[in-house]
Amino acid sequence: MISNEKETKQAETKEINQQDPGPATGREEAAGENCADKLSGSPEPETDTAAAPPTPEEEAFLWKDKYMRLSAEFDNYRKRTLREKMELVDTGGAEVIKSLLPVLDDMDRALDSMQRTEDVQSVRSGIELIHAKLVDTLRQKGLSEIKAVGEKLDTDYHEAVAKIPAPDKKHKGCIVDVAQKGYTLKDKVVRHAKVVVGE
């Protein structure tokens, strides 16, 4: 009976020892610490992988490359804008010529009529109508005649070609006659008026 109790106690002790292996050895502790470090996410020391600064020769090459690219881009831009400007001039000239073609047709008919008629008055009336049509067409394109007679001399618009004694004091320094009409195109002078000034 006593021996049975001893055997039962020894079996219980053996089970307890199997469940609790006791304090961990040094190797196991080290392994546990490594796992803990990995779980905590502490970064490992990184090696310095930053690129070294460029040498003076490399830096000079980079700047030269940038300069060449910028110079080429500017040259292309200059050529493109010049080409577009020429196209605009050509297009504008074509539009003006197209608008003047009806006036040219009228002029041809007037010349043909002058050869077949002796009625001077009708020819004069036809020429006046053509002139009025031409002036109207040019006005629609932005052309305006510069006012001159009776105006003070303004060198922005007038060019004095002669001086004559003024007919009275109020015309002194004013324009008394026009040798050649001047015109502006949309407020820009395209031809100065050549005038005679009283003094």
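1. In this predicted model, strand β2 runs parallel to strand β6 (residues 193-198), and the pairing of the two extends over six bridges.

2. The pairing of β2 and β6 belongs to an open sheet of three strands, ordered β2-β6-β3, in which the pairing is mixed. The edges are formed by β2 (158-164) and β3 (175-180), each of which pairs on one side only, and from one strand to the next the twist averages 30 degrees.

3. Turning to the helices, the axes of α3 (residues 56-116) and α4 (residues 120-140) come within 10 Å and cross at roughly 170 degrees. Because angles over 145 degrees count as roughly antiparallel, α3 is described as roughly antiparallel to α4.

4. On the α3 side, the residues that meet α4 are S99, L100, P102, V103, D106, M107, A110 and M114, while α4 contributes V123, I127, I130, K133, L134, T137 and L138. Sorted by class, this contact of α3 with α4 has 11 nonpolar residues, together with two polar and two charged ones.

5. As to overall organisation, the protein has four helices and six strands, and from the N terminus on the elements follow the order α-α-α-α-β-β-β-β-β-β. Among contacts between residues at least 6 apart in sequence, 61% join residues that are at least 24 apart.

6. Of the 199 residues of the protein, 10% count as buried. The accessible surface comes to about 17,300 Å², and carbon and sulfur atoms account for 55% of that surface.

Note on methods. Residues are numbered from 1 along each chain as its sequence is written. This is a predicted model: local features need pLDDT of at least 70, side-chain atom pairs count only at pLDDT 80 or more; totals for chains, interfaces and linings use all residues. Side-chain values use heavy atoms; hydrogens and water are left out. Axes are lines fitted to C-alpha atoms, for helices over the stretch in contact, and angles run from 0 to 180 degrees between N-to-C directions. Angles under 35 degrees count as roughly parallel, over 145 as roughly antiparallel, 65 to 115 as roughly perpendicular and the rest as oblique. Contact means heavy atoms within 4.5 Å. Ala, Val, Leu, Ile, Met, Phe, Trp, Tyr, Cys and Pro count as nonpolar, Asp, Glu, Lys and Arg as charged, and the others, Gly among them, as polar. Buried means under 20% relative accessible area, exposed over 50%, partly exposed in between (1.4 Å probe, protein chains only). Accessible areas come from the Shrake-Rupley method with a 1.4 Å probe; for residues, only the protein chains shown count as cover. Two strands pair if DSSP finds at least two bridges between them.
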